[in-house]
Amino acid sequence: MTILNETYSLAGGVEIPKLGLGTWFIDDGKAAEAVRAAVEIGYRNIDTAQAYGNEHGVGEGIRTSDLPREELFVSTKLGAEIKDYDQATAAIDESLSTLDIGYVDLMLIHSPQPWNDFRGDSYAEGNLAAWRALEKAHQEGKIRAIGVSNFLQADLDNILQNGTIAPQVNQILVHAGNTPAELIAYCQGNDVLVEAYSPIAHGEILNNPAVATVADRYEVSVPQLCIRYTLQLGTVSLPKTANPDHMRSNAQVDFVISDTDMDTLRNLDERNYGDSSAFPVYSGK
């Protein structure tokens, strides 16, 4: 039994693999090849988004893999700028058409604010409008589970208190050096599974000597340690790579980080992302 065979159960009973393939920054033309390679290695959880511009390639990779569709878990995300019921409904159908894989296992609102106002106004009504479109697609069987991404507690409360279906997932930035412990605990207390994107801190954590010291103790690489860390927090880990060797290495995480080392990693403050600091990437900042 490897991590690639392990799953969490979402509220509602849908099973989601604990380790997934992130496809952020993988070009549409290269996405199909990356997805096929991941599936061949044993990945069953593939994550994309409208904003990534690679849904077509991801869908092609799913369709041309050797596995039946129902053995794969595929997520996508509604564009962050869509805060309107009709636009959301159209965008959901567009994703389904572009992916062309029959249905989506999980669809998220990509951000509580449009990227050009990230962490600005609340957009509470717009988020509820988009959420109602997701709820309807879920009820129609187009999407098996629905959730959010980059939502803080106030953003979550808006949906929890006013939606018909509670979010099943919140996909957020989590890595050693950036562990939003209160938000993770709040999500888990409300039966919202946390997905950790960029668990290797956009690659910048590779330069951190404290993390390297902990990795050496377990005779693993820094990426392996960072992925294992997010898994032990109880999150889905979504490392992004198009490199099959990295995909294999990222899945070799059958070791256990001690409580002491978990505390060390949890208490790190490492949020200098160097060349990756233009976050969120789609804001144009």
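**Exercise 1. Find the residue that stands opposite Ala196, then build up the sheet around this pair.**

Step 1. Start with the pair itself: Ala196 stands opposite Ser237 in S10. Strands here are DSSP runs of E with at least two residues, helices are runs of H or I with at least four, and both are numbered from the N terminus.

Before going on, a word on the model: it is predicted, so local features need pLDDT of at least 70 and side-chain atom pairs count only at pLDDT 80 or more, while totals for chains, interfaces and linings use all residues. Residues are numbered from 1 along each chain as its sequence is written, and side-chain values use heavy atoms, with hydrogens and water left out.

Step 2. Look at the two strands: S9 (residues 193–197) and S10 run parallel and are joined by three bridges. Two strands pair if DSSP finds at least two bridges between them.

Step 3. Now widen the view. The open sheet has eight strands in the order S3-S4-S5-S6-S7-S8-S9-S10, with parallel pairing. Strand S3 (21–22) and strand S10 (236–238) are at the edges with a single partner strand each, so one side of each has no neighbour in the sheet.

Step 4. Contact means heavy atoms within 4.5 Å.

**Exercise 2. Which residue stands opposite Ser75, and how many residues of S6 are buried?**

Step 1. Ser75 has Leu106 in S6 opposite.

Step 2. S5 and S6 run parallel, with four bridges joining them.

Step 3. Of the six residues in S6, six are buried, where buried means under 20% relative accessible area, exposed over 50% and partly exposed in between, with a 1.4 Å probe and protein chains only.

**Exercise 3. Describe helix H4 and what covers its buried residues.**

Step 1. H4 (residues 124–139) has 16 residues and reaches 22 Å from its first C-alpha to its last, close to the 22 Å expected at 1.5 Å a residue. The expected span is 1.5 Å times one less than the number of residues.

Step 2. Its buried residues include Trp131, Leu134 and Glu135.

Step 3. Their cover includes strand S5 (73–78), helix H3 (85–99), strand S6 (104–109), strand S7 (143–149) and helix H5 (153–162).

Step 4. After H4 comes Gly141, with a positive phi near 85 degrees.

**Exercise 4. Work out the helix pairs H7 with H8 and H2 with H3.**

Step 1. H7 (residues 209–218) and H8 (residues 222–232) pack at about 90 degrees, their axes 9 Å apart. Axes are lines fitted to C-alpha atoms, for helices over the stretch in contact, and angles run from 0 to 180 degrees between N-to-C directions.

Step 2. H7 and H8 are therefore roughly perpendicular; angles under 35 degrees count as roughly parallel, over 145 as roughly antiparallel, 65 to 115 as roughly perpendicular and the rest as oblique.

Step 3. Val211, Ala212, Val214, Ala215 and Tyr218 in H7 meet Val222, Leu225 and Cys226 in H8. This contact divides into eight nonpolar residues, no polar and no charged. Ala, Val, Leu, Ile, Met, Phe, Trp, Tyr, Cys and Pro count as nonpolar, Asp, Glu, Lys and Arg as charged, and the others, Gly among them, as polar.

Step 4. H2 and H3 pack at about 50 degrees with axes 7 Å apart, and are therefore oblique to each other. Glu55, His56, Val58, Gly59 and Arg63 of H2 and Ser95, Thr98 and Leu99 of H3 make the contact. The residues of the contact of H2 with H3 divide into two nonpolar, four polar and two charged.
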